[in-house]
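Please look over the sequence and model below before reading the notes on strands and core.

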Amino acid sequence: MEQSQEEHLLHVSVSNQSLSQTIAELVISLDGELIFRREMRTGTQHTWEETTIPVVRGQHTFVMSEARTESREEQVVNVDGELWIVVTFHSPPAQIRVEIFDSPVGFM
């Protein structure tokens with residue numbers, strides 16, 4: 001008998017926050033599977049793209065990168081409930097920031 005594994009939603013919000021690099025190609029994978037790839041423009045710095053995916057409970061590895069600068073950030077996340085993950089690109093220096101919340105995030 002196969003037992004189903006508990007799934008939780010991950011809400012991933014992504015933005016280019018760099019005023020010096022107004023176009024950033026941001027790529028995110030989860031456990032080696034591509035879940036997000038977009039060319040993000042800075043605009044007013046209030047531009048966000050979101051993707052929501054179900055994942056099984058447990059540890060998962062996120063890899064976030066920006067193609068032009070070859071910036072990369074890797075983070076292991078223990079998923080035991082619904083999460084909101086915020087990924088932002090900044091420069092200079094080129095860097096990717098990741099914040100994880102257990103409740104909805106508001107953007108202004």
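The notes below cover an open sheet, one of its strands, a residue in that strand and the nonpolar core.

The model is predicted: local features require pLDDT of at least 70 and side-chain atom pairs pLDDT 80 or more, while totals for chains, interfaces and linings use all residues. Residues are numbered from 1 along each chain as its sequence is written, and side-chain values use heavy atoms, with hydrogens and water left out.

**Open sheet**
- Four strands form an open sheet in the order β4-β1-β7-β8, with mixed pairing; strands are DSSP runs (E, at least two residues) numbered from the N terminus, and two of them pair if DSSP finds at least two bridges between them.
- Because β4 and β8 each have a single partner strand, they stand at the edges, and one side of each has no neighbour in the sheet.
- From one strand to the next, the twist averages 20°, with axes being lines fitted to C-alpha atoms and angles running from 0 to 180 degrees between N-to-C directions.

**Strand β1 and its partners**
- β1 and β4 are antiparallel and share 8 bridges; Val14 has Glu49 of β4 as its bridge partner.
- β1 and β7 run parallel and are joined by 7 bridges; Ser13 has Val86 of β7 as its bridge partner.
- Of the 10 residues of β1, 8 are buried, so the strand is largely enclosed by the rest of the structure; buried means under 20% relative accessible area, exposed over 50%, and partly exposed in between (1.4 Å probe, protein chains only).

**His11**
- His11 lies in strand β1 and stands opposite Thr52 in β4.
- His11 counts as buried because its relative accessibility is 10%.
- Beyond residues up to four places away in sequence, His11 touches Glu50, Thr51, Thr52, Glu82, Leu83, Trp84 and Ile85, where contact means heavy atoms within 4.5 Å.

**Nonpolar core**
- The largest nonpolar core has 22 residues, of which Leu10, Val12, Ile28, Ile35, Phe62 and Val87 touch the most other members; such a core is a set of buried Ala, Val, Leu, Ile, Met, Phe, Trp, Tyr and Cys residues joined through side-chain atoms within 4.5 Å.
- At least two residues of this core come from each of β1 (7–16), β2 (23–30), β3 (33–41), β4 (49–56), β5 (58–66), β6 (71–79), β7 (83–90) and β8 (95–101).
- Apart from neighbours within four places in sequence, Val87 contacts Val12, Ser13, Val14, Ser15, Ile28, Trp48, Met64, Ile96 and Arg97.
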